[in-house]
Amino acid sequence: MLVSDSGVATTVEKEKVVHEKLLDFTKIDIDLLPTVILVGRPNVGKSALFNRLIRRREALVFNTPDDHVTRDIREGIAKLGDLRFRVLDSAGLETEATSGSILQRTASMTANILARTQFAVFLMDVRVGLHPLDVEVGRWLRKHAPGINPIVAMNKSESLCDGIGSIADAAEEARLLGFGDPIAISAETGLGMTALHDALRPLLEDYILKVLKNDCDQLHSNSASHDDSPCEVEDTKVPLQLAVVGRPNVGKSTLLNTLLQEERVLVGPEIGLTRDSVRAQFHFHGRTIYLVDTAGWLHRSGQEKGPSSLSIMQSRKNLLRAHVVALVLDAEEIAKARRSMTHSEVVIARRAVEEGRGLVVIVNKMDLLKGFRNTSCIYFCIRGEGQDKCYASGH
């Protein structure tokens with residue numbers, strides 16, 4: 001650490017020592033952790049940084065200059081050195097998107113989430129320099145989050161280490177955004193993670209200390225135990241992994257938004273709208289539940305390429321980790337086709353039963369059956385090894 005003649009750095013160092021004694025982020029209750037959202041224009045590396053922070057390859061990363069891979073808000077617990085915080089991966093922002101378009105709807109969803117977020121990391125592609133869209137995103141942030149002073153991260157800075165360009169020149173240009181000194185990082189290689197840690201730590205510490213000061217008395221009264229760490233809440237129940245699967249456009253994302261009671265996933269009539277398998281946490285009767293909205297279907301048709309192919313692979317991985325599988329069906333399609341489930345749906349349901357996972361079959365869009373006759377009950381069977389399991393869904 002640099003120590004100035006005035007001794008300012010020494011004072012900061014002393015404050016950090018005090019904070020380290022008071023705070024252990026690994027023991028802070030997950031519901032009290034601060035939230036950091038990753039924002040920026042498309043294709044600057046937000047999802048790559050998200051994956052590095054959570055230490056898993058959960059968010060899809062694919063080079064699509066003419067498209068946007070990320071469309072929904074992904075959430076995870078970041079592990080950056082000794083720091084722990086909630087991190088949100090957002091869709092690329094294009095502030096001039098056409099009203100009603102996917103880009104405009106994702107920007108609106110990001111604005112709603114940003115209103116409930118404490119901190120932000122504003123990513124830019126240092127290889128391109130200060131792009132006009134970066135300036136627009138900066139103005140958008142000032143409008144929708146005036147209380148947040150984002151940390152500007154110049155991503156893909158490893159490209160400047162080979163003599164092409166200058167970090168100092170890039171930083172001078174990034175300061176024109178008006179958010180202070182930027183930091184140079186590389187989400188792909190891990191370059192600059194220490195600098196990101198040092199930039200975030202004082203902000204997160206101050207936030208946690210204020211939260212603990214305000215909530216400690218309440219947590220004292222609600223906590224069953226009174227030990228040396230009364231502000232920690234112990235969750236004695238193992239979190240439940242619930243995966244929502246089904247064909248495209250049966251209403252999986254709408255179901256997730258309804259359960260979370262917020263617009264976390266983009267919904268609409270477009271086929272294949274969801275690409276990432278979005279994992280979100282909520283509580284039900286004291287039990288922590290991780291809800292995963294899988295992207296589309298789980299079988300390859302041979303036509304998938306790029307993000308679509310990666311989405312299928314990701315959905316399969318989430319299905320393997322699930323304790324309970326919720327299979328969503330379209331009631332209107334069932335009534336029109338006069339059949340219960342397609343072969344692919346039966347395969348998924350049977351696999352869940354045979355592998356010992358809980359199976360919940362959800363018949364969605366029942367409100368659309370008013371014009372059909374003999375639809376007061378939808379009946380179907382799942383054929384397993386040596387036994388049949390039959391179910392009925394009432395209208």
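The accessible surface of the chain comes to about 20,300 Å², and 51% of that surface belongs to carbon and sulfur atoms; such areas come from the Shrake-Rupley method with a 1.4 Å probe, and for residues only the protein chains shown count as cover. Keep in mind that this is a predicted model, where local features need pLDDT of at least 70, side-chain atom pairs count only at pLDDT 80 or more, and totals for chains, interfaces and linings use all residues. Residues are numbered from 1 along each chain as its sequence is written, and side-chain values use heavy atoms, with hydrogens and water left out.

Of the 395 residues, 48% count as buried, meaning under 20% relative accessible area with a 1.4 Å probe and protein chains only (over 50% is exposed, in between is partly exposed). The chain has 10 helices and 13 strands; these are DSSP runs numbered from the N terminus, with helices being H or I of at least four residues and strands E of at least two.

Now for strand β3, residues 83-89. How many of its residues are buried? The count is 7 of 7, and both faces are covered: Leu83, Phe85, Val87 and Asp89 on one side, Arg84, Arg86 and Leu88 on the other. As for partners (two strands pair if DSSP finds at least two bridges between them), β1 (35-39) runs parallel to β3 over 4 bridges, with Ile37 bridged to Leu88. Strand β2 (74-80) pairs with β3 in the antiparallel sense over 7 bridges, and here Leu80 stands opposite Leu83. The β2-β3 hairpin has 2 residues between the strands, and Gly81 takes a positive phi near 60° there.

Ala78 sits in β2 and is buried, with a relative accessible area of 0%. Leaving aside residues up to four places away in sequence, Ala78 touches Leu53, Ile54, Leu83, Arg84, Phe85 and Val87. Phe85, counted in that way, has contacts including Leu33, Pro34, Ala78, Leu200 and Leu204.

That leads to the cores. A nonpolar core is a set of buried Ala, Val, Leu, Ile, Met, Phe, Trp, Tyr and Cys residues joined through side-chain atoms within 4.5 Å. The largest has 33 residues, and Leu49, Phe85, Leu196 and Leu200 have the most contacts inside it. Elements that each supply at least two residues include β1, α2 (46-54), β2, β3 and α6 (193-222), with α6 giving the largest share, 7 residues. A second, separate core of 27 residues includes Ile37, Met109, Ala120 and Ile148.

Strands β10 (324-330) and β11 pair in the parallel sense over 7 bridges, and Leu329 stands opposite Val363.

Definitions and conventions. Contact = heavy atoms within 4.5 Å.
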